[in-house]
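Keep the sequence and the 3D view open while reading.

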Amino acid sequence: MDSGRSSKMADNSDDKKRKAQGPPESARPRGAKQGSASTKYTLGKARSVDVVGFVEARSFEINALQRSLENARSQGNTRAFQTLPRHLRRRAASHNVKRIPARLREKALSEMKKSAQTSKALAGTDRLTNAKKSSRYKRRRARSVRQEYETRQTGKRWLETHVWHAKRMRMKELWGAMIAETPNERSHRAAYRAAKEKTYIQDVSYFRTLELVGSEDAIVGLLCQLIPPNELTLAMKPYIGGARMAPLTLYCAGSYPLALLGPATALWEPISGAGQRKLWLRLHPANADAIKIELERMLDSIPDGNDRAIQIKDITCDLVSFELLGGQSTQMLAAVLSQTVDCADSEPSLLQTIRAIPSPAVLPESVVIALRIHDPRLEFPFKVNPERMVLSQDEQQQLQDVLLHWPANAAVLDGQRSDTGIWDRSECASALERRTSEHALNKRREQQLVPGTKLRPDPSVDVTVPLLLVRTGPEAMLGSRVGRTANQYIDTLAHGWTLIAPRGWSMALWMALNFAGARAQGLTERHHIGFEAGLPTFPANWPGTSAYDEWAGSAATALYQKWQRRPPGKRVNYLKFGINSPFYAPFHKLLDLSGVPEAYPQVTADGLECRMKRLRKITSKKKEECLSDQMDIDEDADLNSTVASRSSGSTADMWLLTGELLATAAASLLASTRTAAHEDPALPTAFLAWAAPLLEAVRSPNYNSNSDTTKDIALLQHCLVRVRLVCVGRGVPAENAPICTSLAKQTGDAIGFVMTSSFSLARGCGIAVGACSLYGLYQAWLSAAESKHAKSLGLTVQSLDGSPSISTSFVVLP
């Protein structure tokens, strides 16, 4: 132990001697002398290392070392896709080169080729991997989204905004097109608020447009055969010059007031120097085919001459259109369409002048504004100031002048009428081909110095878009001019704008309007907004037309199937309450007409009767046999099993009272008082004498006054009058419910039926739109005149489920 301690002490003494002597000669800096007091390097500095300087001096060696390590790692068992970070790796990257970034794709492809050469399974084949062959389903899939969309459009047409709507709304195939039916979210009240206070928008590009090209006299003479003789709006000065859109109600040639086709609107091209004129017929798709067939039939019946030179073209696919409603619709259009192309002789500030109006109802109805704007994608997104605009004194004076005297040249782009705008379809197609792509616009946005700066139009690159703005209102839905009855409709819900643009620009305008604050809705909401405004919608409220029969037939079929799916114990027993037609309004029975439309599911009494009630009627001897037969009946069978046999008659004698002239005449008859001069009401001639003013309005100017009285009475007895019912108390009328007089006690005394009903958010009570026979209204007028307690003429709506009847007041609709 002593020897160990002595050795340690000797080692410690040697260390102390070395430290005292200092570093060896090889470790000393050059020029430094041992024991020199003036040396620049201390012992602490000699043992420290400058890391930054050391690394900078040897950066080349360090980088070379790192590259050699990476090469050694990549040349080993690591493949190209394994060199990626873990968040970029894909499971199938070793089988599909396109899943690897482009910088490593060439290396991965070479690795796959080397592996394929050494593989026995891939020897002699062109395949690089041993992946399984794709399934037949995947091989039959479309190679691109565009090809898949084109395949899915077989048999029906997609609108340009179809993909946008399909993500947000329920789509329904109607009239040969896919139409947005209703949003996926609850939007009943929101749509009403948007149409009343904000802006409501709907894509109505499914409307059909027919272009008639020919001389002015030939076109007017052709269409005058389809319109009532007392409605000559098509040839009036405000309409024939192209400044306004004319409302029309079309019938089969020479059949007025029978054979009603439906409403339409006509717009003339502004008068130019050429002899040929163009007319656009805007038609609902439900009656467009029937109107086109009637026009072609009339052209074929005309002998060779100038009238035969009319050409009819369907330009529906060349145009897109949006409908806007609401108090802020004008302000929003002025904000989105503010980038107009300035012309020397036009008024590009007209839309900016009227932007502060509280409602479109302030402006004249059916006026047309022609615009040419820059590409709306350049200024996207647009913003509308939510605050109410404050105009200066000069702007207020300009607005007042415009409201008093609407500009005559608002429908043209320039004073010389050289720019035809949207009427030149070849120019619109050429502009669409030269349109700047989205990729090019994004590149231009990247080059902006300030991010988010909106692009400025470049005339050498960017194209312009011609547009038409039409101030629509009740006239377009009624198909006739509205004068004294205009106060019956709610302004903000009944008035708006229709924006017409060339094809290809639908999504650009649609996104601009949506980002500006417009609320997009579907067909169901549009019908409800028209219902809230007090207007009948086509085809749901136009009985007597083939379009109404198809619409009501499909709705009745859906209601019957829904009723049949319910358990027998939970179904409403309509026969118990005396309802023989709960699924549709049987106007043909109301007017004593033979024949039932083919689309109607006329269910027999056995189909409406409760099953348990039928079983109780079975005698004990035939009970087992009947029960076995009942077991074989499939409740989900086709409707033909319960559809009654239809007679071979026709309902062509039914006609609908339309137009403000006839509606005013009917309202005056119902408001008249009975005097002693009236004949016995039981006589048919009394009804004819009462309705004589209405019959005079229906007759044409060249009508023979010595006509048969029996035919006149039959004509009046087959007349339907549309009415708007407003509930006096609580309750909402049911659809297809019978309308009776106030003194009627049985449903068999029905004088009409309800077509559409709901609770009105605008009025705070239940309202309905129905149709009554003219003779039934005459009976109601007689009952009110004979009753001592009746203060005014009113109607009662019976229920379908046994609940109390609802008392209503009514107004005749044109």
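## Terms and basis

A salt bridge is a side-chain nitrogen of Lys or Arg within 4 Å of a carboxyl oxygen of Asp or Glu. This is a predicted model, in which local features need pLDDT of at least 70 and side-chain atom pairs count only at pLDDT 80 or more, while totals for chains, interfaces and linings use all residues. Residues are numbered from 1 along each chain as its sequence is written, and side-chain values use heavy atoms, with hydrogens and water left out.

## Salt bridges

The structure has 15 salt bridges. Glu 211, Asp 318, Arg 425 and Arg 503 are joined in a network of them.

Another salt bridge pairs Arg 519 with Glu 185, at 3.1 Å from N to O. Arg 519 is in strand β13 (residues 519–520) and Glu 185 is in the loop between β2 (177–183) and α9 (188–196), so this pair ties together parts 334 residues apart in sequence. Helices (H or I, at least four residues) and strands (E, at least two) are DSSP runs, numbered from the N terminus.

Glu 323 and Arg 526 also form a salt bridge, with their closest N and O atoms 3.0 Å apart. This pair links distant parts of the chain, 203 residues apart: Glu 323 is in strand β9 (residues 319–325) and Arg 526 in helix α21 (residues 523–533).

## Buried or exposed

Buried means under 20% relative accessible area, exposed over 50%, and partly exposed in between (1.4 Å probe, protein chains only). Glu 323 is buried because its relative accessible area is 13%, and Arg 526 is buried at 9%. Arg 519, at 26%, is partly exposed.

Asp 375 and Arg 377 meet in a salt bridge of 2.7 Å, N to O. Asp 375 counts as buried at 2% relative accessibility, and Arg 377 counts as buried at 10%.

## A positive patch

Lys 133, Arg 136, Arg 139 and Arg 140 gather in a surface patch of positive charge. Patches are made of residues with over 30% relative accessible area and no salt bridge, and like charges are joined within 9 Å. Arg 140 is in helix α6 (residues 136–140). With 62% relative accessibility, Arg 140 is exposed.

## Cysteines

How many disulfides are there? With a disulfide taken as a pair of cysteine sulfur atoms within 2.5 Å, the count is 0. Cys 740 is in no disulfide, and the nearest cysteine sulfur, that of Cys 772, is 9.4 Å away. Cys 740 is buried, with a relative accessible area of 0%, whereas Cys 317 is exposed at 52%.

Note on methods:
Patch = residues over 30% accessible without salt bridge, like charges linked within 9 Å, V, L, I, M, F, W, Y side chains within 5 Å. Areas by Shrake-Rupley, 256 points an atom, 1.4 Å probe, with all protein chains shown as cover. Lys, Arg positive; Asp, Glu negative; His and termini not counted. Charge placed at Lys NZ, Arg CZ, Asp CG, Glu CD.
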